[in-house]
Amino acid sequence: MTTTKTRKPAYYSRWVNWSGVSTAQPRKRISPRDEAELVQLIQRAAASGEKVKPIGAGHSFTSVAATEGIQVSLDNLAGLIHFDRQKMTARLRAGTRLRDVPGILAPLGVALANQGDVDPQSLAGAIGTSTHGTGLGFTGFAGMLRAFRIITPDGQAHECFPGAEGIAGELYDIARVSLGAYGIITEVELDVVETFVLHAVERAEPNAPLVESFADRARQEDHLEFYWFPGTDVAHVKTNTRLPGDTPTHPIPRWKEVLDDELLNNGAYRVMNDLAHHFPSLTKPFAHLSAKTLAQREYSNVAHGVFVSSRRVRFNEMEYSVPLTDAREVLREVQRTMNTCGERVLFPIEVRATAADDVPLSTAKGHESCYIAVHRYNKDSHQALFRHVEPIFKEAQSGRPHWGKLHTLTHEDLLERHEDLARACEVRAKVDPQGMMRNAMIDRVFGLA
């Protein structure tokens, strides 16, 4: 007697982003070993009408990577391809994680000019969502992009750079902030600078004078940002000054780094958030305690060792950019609202600034920008707080949401804030007429819902 084996159905685990707010059940998850394998995957998907979405670190709070079709991890497409010292550009595979870039570039004597305060993201994900750091002398990642290679939904590879002919030129112009809507980017070429050291000063200051002077101070410092806990009158200010790469460094001693950043800023802070989640009356005293116990310190280190912080307590986030000239009024109203709306919030807001750029769909296109990020512990409901604060950003002139952060704007709202969105819709329709790269977020942004 022969036994017939029953074939078990394929099982693909549920995908959850970093904060847990965005989930999906992809039919399949694939990690191509090289570009040729990726092209074959896209061609097969086109023939079968399958949806495809690239996935990096899953660090975006939106559903930008969510799909019920094929989720494509770019983790195998990582590493340096070429460094051009004359042009001061580095070409890297698009799945390279930001945390790995300093180690790749340091032996070449170069670095990225700026970074944000976390680094798990893939290069393609960070560039494609208009991710940024702080400093009025510097743009976000999309402003550093000089060329990229993309596989469009027809399975064709395009080398995109200024002056490229045909669709490649259109894609370079419109798809640097891509949202994963035009295909899958496999390589990126970025501006780099000589390695440098940052001298960091972290100090508590009265909040009100800082809000009044933030725009002026941002113009005086290389990199300035601050945190403010709702219900307090103290801001935690971080000022970073750029120094030559051969400057001797004085990093934070390891024991103090563990004490400040791991035990206090992550371990103890997570406990406080958990307690405040169950006992909301503890929120205000914990906020005052957190504001008082944030590290007051001065140190220097290689740039990425100062830019990047350890963030292990998970949260959900809404961040908008507003013109720097409007920062004072918007900050005043955001802080007033958070103090009076009735929501008990233990997470601080974060305030940064960047240079203007000329990148379509960038949050900083056309003007120096102040970024105001509102956070909520991921076990707490964020919707009510964001409903109170978002109207302030929407009413601000050119208030634009970060593409990787939560917001409720419709296609029509976004058309008012991004003059290039209508043209972006045309290019998207041209390269993806069958909608391979669509998902709920793409449909909302591009008016396809």
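**Strands and helices in a predicted model**

Student: How do β14 and β15 pair, and over how many bridges?
Tutor: In this predicted model, strand β14 (residues 223-228) runs antiparallel to strand β15 (residues 234-244), with 6 bridges between them.

Student: Nice. What stands opposite tryptophan 228 in β15?
Tutor: That would be alanine 235.

Student: Which helix packs on the sheet and touches β14 and β15?
Tutor: Helix α6 (residues 207-220) does, and β13 (196-206), β18 (349-354) and β19 (369-377) are also touched by α6. The direction of α6 makes about 160° with that of β14.

Student: And what does helix α7 touch?
Tutor: Helix α7 (residues 254-278) packs on the sheet against β16 and β19, and its direction makes about 60° with that of β19.

Student: Stepping back, what's the strand order in the open sheet of 8 strands?
Tutor: The order is β16-β13-β15-β14-β18-β19-β17-β20, and the pairing is antiparallel.

Student: Why is one side of β16 and of β20 left without a neighbour in the sheet?
Tutor: Because β16 (297-302) and β20 (400-401) stand at the edges, each with a single partner strand.

Student: New topic: how do β9 and β10 pair?
Tutor: Strand β9 (residues 145-151) and β10 are antiparallel, over 4 bridges. The hairpin they form has 5 residues between the strands, and there glycine 155 takes a positive phi near 85°.

Student: Which residue in β10 is the bridge partner of arginine 149?
Tutor: Glutamate 159.

Student: Is Glu159 on the covered or the uncovered face of β10?
Tutor: Glu159 is on the uncovered face with Ala157, while His158 and Cys160 make up the covered one. In a regular strand, side chains alternate between the two faces of the sheet.

Notes:
Residues are numbered from 1 along each chain as its sequence is written. This is a predicted model: local features need pLDDT of at least 70, side-chain atom pairs count only at pLDDT 80 or more; totals for chains, interfaces and linings use all residues. Side-chain values use heavy atoms; hydrogens and water are left out. Buried means under 20% relative accessible area, exposed over 50%, partly exposed in between (1.4 Å probe, protein chains only). Helices (H or I, at least four residues) and strands (E, at least two) are DSSP runs, numbered from the N terminus. Two strands pair if DSSP finds at least two bridges between them. Contact means heavy atoms within 4.5 Å. Axes are lines fitted to C-alpha atoms, for helices over the stretch in contact, and angles run from 0 to 180 degrees between N-to-C directions.
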